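Please open the model in your viewer and keep the selection panel at hand. The stops below are meant to be followed in order.

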Amino acid sequence: MPYNYKTELQRYRKYYQSLEPLLEKPRSRAYTAIIFSFLAVSLFGWYAIRPTMETILYLRRQIADETEINKKMEDKISALIEAQAAYQEIAPVLPAVDQSLPPSPDAVPLAVQLRNLASASGTLLTSLQVATVPLIGKDASPSALPGAKPTPGTDNQKAFELSVTVRGPYAALRSFFEGIVSMRRIATVTSATIIAIRPESAATNSAQLGTRFLQLALRLKGYYLVE
Amino acid sequence: MDNDRDLLLISVFTFLTVSLWITFELLKTIKTTTVSSPVQQIVIPLDPKIDIETLTTVVNRKVY
């Protein structure tokens, strides 16, 4: 059956017209106006006001942040200039710092210093053992293995162990001990053992027959700084 | 009449929800810094003072 709009219009006219008396009521008109106002404000608030306000606040925050960053940068530049001047002032003594805390283990120079110290303090160096250290190149400790991330800060400071045994009279051993403490190369004593040795074995090593001889065994830690 | 009231309540709650949402979005924008992490690391303050006393102590120690 073909669609006849005239009959269909007559059929549904009462529904079309039913809205008109509804909107003629003041209460309904007020409700409709309020409802559409709220919906319109919500819609435009979300799609228009929010992006605009966000842009405004973002730009204001960016200006404040950039101003603060600029001030901090200027402060840091001033601090760097001061640090550069201070660095140039202390540049002549920087080798002493490297001697104190070298960038590599430098176990051999430390052993040589201990030998010279023993000689200067009048003791007899009977043994000197150095633990496994990388003589050249990078540290072979687990932290230097591939995949291990170096931790900044105090973790850059590494240490290796040494064992030193010296013989001599008490005064000489004390001098040796104090020498280690006052040595420029930083080494700490982790343990010390002093035992008396038999006079006849000591007499073969020294001309001082009447002196009581002691043996000092030290365990040391030598430090170095990994860049 | 009830139908009108329901629609009004829905529109009011929609308005309130959108208003709160916009407020929180704007607060987040205000609180979030615009400075990138590398720049924050660059501007960490630097103390230019060098411990001269420690350096003197190191220099005065003996080398054998």
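Begin by showing both chains together: 43 residues of chain A are in contact with 30 residues of chain B, where contact means that the C-beta atoms of two residues, placed from the backbone, lie within 7 Å. On the chain A side, the elements that give two or more residues are helix H2 (26–90), helix H3 (94–100) and H4, helices being DSSP runs (H or I) of at least four residues and strands runs (E) of at least two, numbered from the N terminus. H2(A) gives the largest share of that side, 30 residues. Coloured by class, the side of chain A that touches chain B has 24 nonpolar, 10 polar and 9 charged residues; here Ala, Val, Leu, Ile, Met, Phe, Trp, Tyr, Cys and Pro count as nonpolar, Asp, Glu, Lys and Arg as charged, and the others, Gly among them, as polar.

A word on conventions: this is a predicted model, in which local features need pLDDT of at least 70 and side-chain atom pairs count only at pLDDT 80 or more, while totals for chains, interfaces and linings use all residues. Residues are numbered from 1 along each chain as its sequence is written, and chains are lettered from A and ligands numbered from 1 in the order in which they are written.

Of its 64 residues, 3% are buried, that is, have 20 or more other C-beta atoms within 10 Å of their own.

Now select residues 30–49 of chain A, where UniProt, in an unreviewed entry, places the feature "transmembrane region"; such annotations may be inferred rather than shown by experiment. In the model this stretch is 100% helix and 0% strand, with its end C-alpha atoms 26 Å apart.

Move on to A:Val164, A:Val166 and A:Phe176, which have the most contacts inside the largest nonpolar core, a set of 15 residues. Such a core joins buried Ala, Val, Leu, Ile, Met, Phe, Trp, Tyr and Cys residues through C-beta atoms within 7 Å. Leaving aside neighbours within four places in sequence, A:Val164 is in contact with A:Leu114, A:Leu128, A:Leu218 and A:Leu220.

Finally, show H4(A) and H5(A), where A:Leu117, A:Ala118 and A:Ser121 in H4(A) meet residues of H5(A) that include A:Phe176 and A:Ile180. By class, this contact has 5 nonpolar, 3 polar and no charged residues.

Conventions: Buried ≥ 20, exposed ≤ 12 C-beta atoms within 10 Å, placed from the backbone.
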